[in-house]
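Student: Could you walk me through the charged pairs here?
Tutor: Gladly; let us look at the structure together.

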Amino acid sequence: MLVGNSGASETYVASKVKACAEIGYNSTLLRFDEQISEKHLLDNIQMLNENADIDGILVQLPLPKHINEELVINTIDPSKDVDGFHPMNVGKMVSGLPTYVPATPYGIMLMLEHYNIDTKGKHAVVIGRSHIVGTPMSILLSRNTQPGNCTVTLCHSQTKNLKELCLQADIIVAAIGRPDYVTADMVKEGAIIIDVGINRVADASKKAGSDW
């Protein structure tokens, strides 16, 4: 479900539709105008909850300001909440129980595993505290697993000694949503950097005048 036409959201959703096609999943993209009422969106979610042919529901975030994201997430049937954002699934993740885990943090864990990164005892600095990436990322990295067993510092836009903390980090996960937030002088030699953000930045060489 996509509300409006945000550039970043369009990119994410197009990638999800493509991935479904590549692995043989049937997917349906439901587009809604940015001015859709909250009630209309919630009614559509409820219809998908009740449709036995639908196994997973993804509502692309962020949503327009007039729509309560928390209410939208809570309306999705937890058994169909493949984003892992429903409080019931978040609680299971925190408890280490089998559940849907937010895709980006889970993808980062798989990437660390793929490259055989030994994370045990490492200091990981996660920059960004969203429930989509930062907070679940900090939980997954701190769990008694491999990858995992990190000592985690969760930072955000109000962290006063960010550079000092980053220079201590063996692993930095930047999920702050701001371009150029982490600079070279904030990273120690040999540290692992994982850049989560997608941002539109000015680029005069591009026809559109910007690039991702």
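This is a predicted model: local features need pLDDT of at least 70, side-chain atom pairs count only at pLDDT 80 or more; totals for chains, interfaces and linings use all residues.

Tutor: Lysine 163 belongs to helix H7 (residues 162-168), while aspartate 185 sits in the loop between strand S5 (171-174) and strand S6 (192-195), so the pair ties together parts that are 22 residues apart in sequence.

Student: Is lysine 163 buried, exposed or partly exposed?
Tutor: Lysine 163 is partly exposed, with a relative accessible area of 40%, and aspartate 185 also counts as partly exposed, at 43% relative accessibility.

Student: Okay, and how many salt bridges are there?
Tutor: The count comes to 4 salt bridges.

Student: Which residue does arginine 31 pair with?
Tutor: Arginine 31 forms a salt bridge with glutamate 10, and their closest N and O atoms are 2.9 Å apart. Because arginine 31 lies in strand S2 (residues 31-32) and glutamate 10 in helix H1 (residues 7-23), this pair ties together parts that are 21 residues apart in sequence. Glutamate 10 is partly exposed, with a relative accessible area of 23%.

Student: Switching over to lysine 39, what is its partner?
Tutor: The partner of lysine 39 is aspartate 43, with the closest N and O atoms 2.8 Å apart.

Student: And where do those two lie?
Tutor: Lysine 39 and aspartate 43 are both in helix H2 (residues 38-50), 4 residues apart, which is about one turn of the helix. Lysine 39 is exposed, with a relative accessible area of 59%, whereas aspartate 43 is partly exposed, at 34%.

Terms used
Residues are numbered from 1 along each chain as its sequence is written. Side-chain values use heavy atoms; hydrogens and water are left out. A salt bridge is a side-chain nitrogen of Lys or Arg within 4 Å of a carboxyl oxygen of Asp or Glu. Buried means under 20% relative accessible area, exposed over 50%, partly exposed in between (1.4 Å probe, protein chains only).
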